[in-house]
Amino acid sequence: MPVMKRYVLRLFISLKYITANVVDRNNGRIVATSSTAEHNIKESLECGRSCNAKAADVVGEVLARRLKVVGLNEGQGSGIHANLGKEVGKKGFKNQTKVWAVVNALKNNGVKLILDDKDDDINSGPNS
């Protein structure tokens, strides 16, 4: 049975790295990814010890380009879902600007994003 929200944006933010993935929930595979841990992106940034919103913007731009290459910038009709409340909640208030930087970079580069207020996953909960 196909999932209603097939493509979902997932963000991973640490003190040193920012990673953004688009996951196909029908088969559990990552269809596109971008990270400041990648050599080409890392070399183009001046992050130092902690990455900032500018690095998050670059991650979003690269992810948007990769989504266009695989033909998912439109999300195959339904779009790519992003639950910003959940992402900010998991990453903490300090990382809110980084989350929004990735999202805005995706939008500005033509990716069809659907922002969800609440995630109705069966597996989601306060600790997921």
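**Notes on the predicted model**

1. In strand β3, S35 is the bridge partner of T19. Helices (H or I, at least four residues) and strands (E, at least two) are DSSP runs, numbered from the N terminus. This is a predicted model, in which local features need pLDDT of at least 70 and side-chain atom pairs count only at pLDDT 80 or more, while totals for chains, interfaces and linings use all residues. Residues are numbered from 1 along each chain as its sequence is written, and side-chain values use heavy atoms, with hydrogens and water left out.

2. Strands β2 (residues 18-24) and β3 (residues 29-35) run antiparallel and are joined by six bridges; two strands pair if DSSP finds at least two bridges between them. Opposite T33 of β3 stands N21. Four residues lie between the strands of this hairpin, where G28 takes a positive phi near 75 degrees.

3. The open sheet has five strands in the order β3-β2-β1-β4-β5, and its pairing is mixed. Because β3 and β5 (113-115) stand at the edges with a single partner strand each, one side of each is left without a neighbour in the sheet. Neighbouring strands are turned against each other by 30 degrees on average, direction ignored. Axes are lines fitted to C-alpha atoms, for helices over the stretch in contact, and angles run from 0 to 180 degrees between N-to-C directions.

4. Helix α2 (residues 53-69) lies across β1 (7-13), β2, β3 and β4 (80-82), and runs at about 140 degrees to β3.

5. Beyond its neighbours within four places in sequence, I18 is in contact (heavy atoms within 4.5 Å) with residues including F12, S34, A55, V59 and V102.

6. The chain averages a pLDDT (the predictor's confidence in each residue, from 0 to 100) of 80, and 79% of the residues score at least 70. Over residues 119-128 pLDDT stays under 50. Where pLDDT is low, the predicted coordinates should not be read in detail.
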